[in-house]
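Subject: A structure for you to explore

Hi,

Here is the structure I promised to send you. Have a look at it first, and then read my notes below.

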Amino acid sequence: MCLAAAVDTGTQPNTWRQCLADASPATIDACTALIQSNPWNDGAYVNRGIAYRRLGDIDRAIRDYDQAIRVNPRAADALNNRGNAFRAREEYDRAMRDYDEAIRLDPHYAHALNNRGIIFLELGDLNRSIVEFDRAIAEDGKYANAFRNRGIAFANLSHFDRAIQDFDMAFTLNPAIGHGDEYALALYGRGLARQRAGDLAGLTDIEQATRLRADVAEVMTGSDDDP
């Protein structure tokens with residue numbers, strides 16, 4: 001986000017704070033006021049685009065990201081967020097191009113690295129996704145979402161111990177993430193693996209997984225039938 005741009009607008013600080021808020025008509029109004037005061041404020045376009053995307057108006061979000069990039073072709077945050085908008089429309093090639101360019105402009109951009117990993121994860125290229133999540137975590141060791149996403153990749157590879165370690169770290173860093181369905185599935189998978197190895201702790205894993213998700217056994221059994 002281009003916080004310095006707010007200094008150039010001459011607007012009151014509370015307008016900029018509102019522009020940085022989550023999705024709401026008031027956020028959009030505040031960002032629009034900043035843009036009207038200074039049409040070269042790429043940060044205000046980016047934040048208004050984020051608000052539009054969270055409200056489900058992907059087309060208007062992309063238009064704002066486009067304008068931010070026209071104003072500042074080196075705005076890595078605009079490229080990253082436009083990539084998110086394209087990913088929401090399942091336009092993965094366009095999303096990947098934007099993430100690639102954001103990372104080229106800022107090789108330490110943890111969010112763009114994580115988002116590129118999500119593309120690989122959604123396309124089923126699990127090992128490449130883990131490489132990207134590793135890079136994101138190397139850049140920001142407190143990036144809870146990157147740990148969670150890497151956990152999902154490990155779980156899909158049946159590396160349940162590593163998945164659970166990542167889910168636990170994500171939860172520690174951000175308790176709002178919770179111990180959700182992915183954690184339950186990984187825990188159940190680890191429980192089965194432990195039982196097969198004669199480890200009685202496997203039953204504890206399975207019981208805990210079932211408390212988190214009652215149908216975990218049916219889901220895991222069904223997943224074994226996938227081609």
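Let's begin with the overall fold. The chain has 14 helices and zero strands, where helices (H or I, at least four residues) and strands (E, at least two) are DSSP runs numbered from the N terminus. Read from that end, the elements go α-α-α-α-α-α-α-α-α-α-α-α-α-α.

Before going further, please note that this is a predicted model, in which local features need pLDDT of at least 70 and side-chain atom pairs count only at pLDDT 80 or more, while totals for chains, interfaces and linings use all residues. Residues are numbered from 1 along each chain as its sequence is written, and side-chain values use heavy atoms, with hydrogens and water left out.

Of the 227 residues in the chain, 45% are buried. Buried means under 20% relative accessible area, exposed means over 50%, and partly exposed is in between (1.4 Å probe, protein chains only). Among contacts (heavy atoms within 4.5 Å) with a separation of 6 or more, 45% join residues 24 or more positions apart.

Now to helix α8, which covers residues 110–122. It has 13 residues and reaches 18 Å from its first C-alpha to its last, close to the 18 Å expected at 1.5 Å a residue; the expected span is 1.5 Å times one less than the number of residues. How many of the 13 residues of α8 are buried? Eleven of them are, which leaves this helix mostly covered. Among them are Leu-113, Ile-118, Ile-119 and Phe-120. The buried residues of α8 pack against α6 (76–88), α7 (92–105), α9 (126–139) and α10 (144–156). Just after α8, Gly-124 takes a positive phi of about 85 degrees.

Elements that give two or more residues to its lining are α6, α8 and α10, and the largest share, four residues, comes from α8. The lining has 13 residues in total, and His-111, Asn-114, Asn-115, Tyr-143 and Asn-145 lie nearest the centre of the pocket. For the method: on a 1 Å grid over the protein atoms alone, a pocket is an open set of points where a 1.4 Å probe fits, with protein on both sides within 12 Å along at least five of seven lines, and lining residues have an atom within 4 Å of a point.

Glu-90 has a positive phi of about 60 degrees although it is not a glycine, and it lies in the loop between α6 and α7. Is Glu-90 buried or exposed? It counts as exposed because its relative accessibility is 58%. Ser-158, also not a glycine, has a positive phi of about 65 degrees and is found in the loop between α10 and α11 (160–173). Ser-158 counts as partly exposed, because its relative accessibility is 46%.

Finally, look at Val-46 in helix α4 (residues 42–54). With 1% relative accessibility, Val-46 counts as buried. Leaving aside neighbours within four places in sequence, Val-46 is in contact with Tyr-65, Ala-68, Asp-77, Ala-78 and Asn-81. Val-46 and Ala-68 are 22 residues apart in sequence, yet their C-alpha atoms are 6.3 Å apart in space.

Enjoy exploring!

Best wishes
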